Amino acid sequence: MDGNGGQYNPRTVEEVFRDFKGRRAGMIKALTSDVEEFFTQCDPEKENLCLYGFPSEQWEVNLPAEEVPPELPEPALGINFARDGMQEKDWIALVAVHSDAWLLAVAFYFGARFGFDKNERKRLFSMMNDLPTIFEVVTGAVKKQVKEKSSISNHSSNKSKPVPKMRMADPPAKYSKPAPPKEDIEEEDDDEEDEHGDTLCGACGENYASDEFWICCDICEVWFHGKCVKITPARAEHIKQYKCPACTNKRSR
């Protein structure tokens, strides 16, 4: 099927990992920011459906491939049948678990097909294992980890120090601070890197980077890449209280 493999065959560990990250991002999007659309597409009245993630970071709910054996391992079949038979959050979590299993199957399929040796397989798994699972992202385990790290950081730092709600390489004037003395710049950079280096995005689960725009939810106090929640620096300037997609969905229900 289009985008599900076809002629795209990554041959190195780095290429397979990029493929893994793209598919993972697409599936996370389906189960978080696009969850309402995903829920609608998984109509129990339809035939057996699968959730596919593509290297382009897109997702699709569709019938399984007709050829036997398929070009790639197939995702869990018939995810739509259980949609209305259990709590929505439990159903989403179950789909997330099967999605994690499918991602591993696809990655190691490429590894087997192109003859990865023991060390290459180990390196590939280590790279994938550094990222939170889809299940961890969907169920909020990543947010819990972020809160725990934030709590530890707050106890070890000056409690009166204000925590910015936005982070970016060149913050808007509204959020800028007076420049520190020249001799203190290097020391402050090191402190900021230590403080924020382990922060994870509540949507994609990847680390904080100083050259990216981030925004913090005022409800759950979890940080997100602006691109993951579709918020730009200009738009953030006009938001008095930011609510992430998960907190917004909770309020609406």
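Biologist: Why is lysine 230 called exposed rather than buried?

Modeller: The relative accessible area of lysine 230 is 60%, and exposed means over 50%, buried under 20% and partly exposed in between, with a 1.4 Å probe and protein chains only. So lysine 230 counts as exposed. Lysine 230 sits in the loop between β5 (223-225) and α8 (233-236). Keep in mind that this is a predicted model, where local features need pLDDT of at least 70. Residues are numbered from 1 along each chain.

Biologist: What makes glutamate 57 partly exposed?

Modeller: Its relative accessibility is 39%, so glutamate 57 falls in the partly exposed class. Glutamate 57 also has a positive phi of about 70°, although it is not a glycine, and lies in the loop between β1 (50-53) and β2.

Biologist: How are helices α1 and α3 arranged, and why is that called roughly antiparallel?

Modeller: Helix α1 (residues 13-31) and helix α3 (residues 88-113) pack at about 165°, with axes 10 Å apart. Angles over 145 degrees count as roughly antiparallel, under 35 as roughly parallel, 65 to 115 as roughly perpendicular and the rest as oblique. That makes α1 roughly antiparallel to α3.

Biologist: Which kinds of residues make up the contact of α1 with α3?

Modeller: Twelve are nonpolar, one is polar and three are charged. Contact means heavy atoms within 4.5 Å. Among the residues that meet are Phe20 and Met27 in α1, and Trp102 and Phe110 in α3.

Biologist: Which peptide bond is cis?

Modeller: The bond from valine 68 to proline 69, with omega near -5°.

Terms used:
This is a predicted model: local features need pLDDT of at least 70, side-chain atom pairs count only at pLDDT 80 or more; totals for chains, interfaces and linings use all residues. Side-chain values use heavy atoms; hydrogens and water are left out. Axes are lines fitted to C-alpha atoms, for helices over the stretch in contact, and angles run from 0 to 180 degrees between N-to-C directions. Helices (H or I, at least four residues) and strands (E, at least two) are DSSP runs, numbered from the N terminus. Ala, Val, Leu, Ile, Met, Phe, Trp, Tyr, Cys and Pro count as nonpolar, Asp, Glu, Lys and Arg as charged, and the others, Gly among them, as polar.
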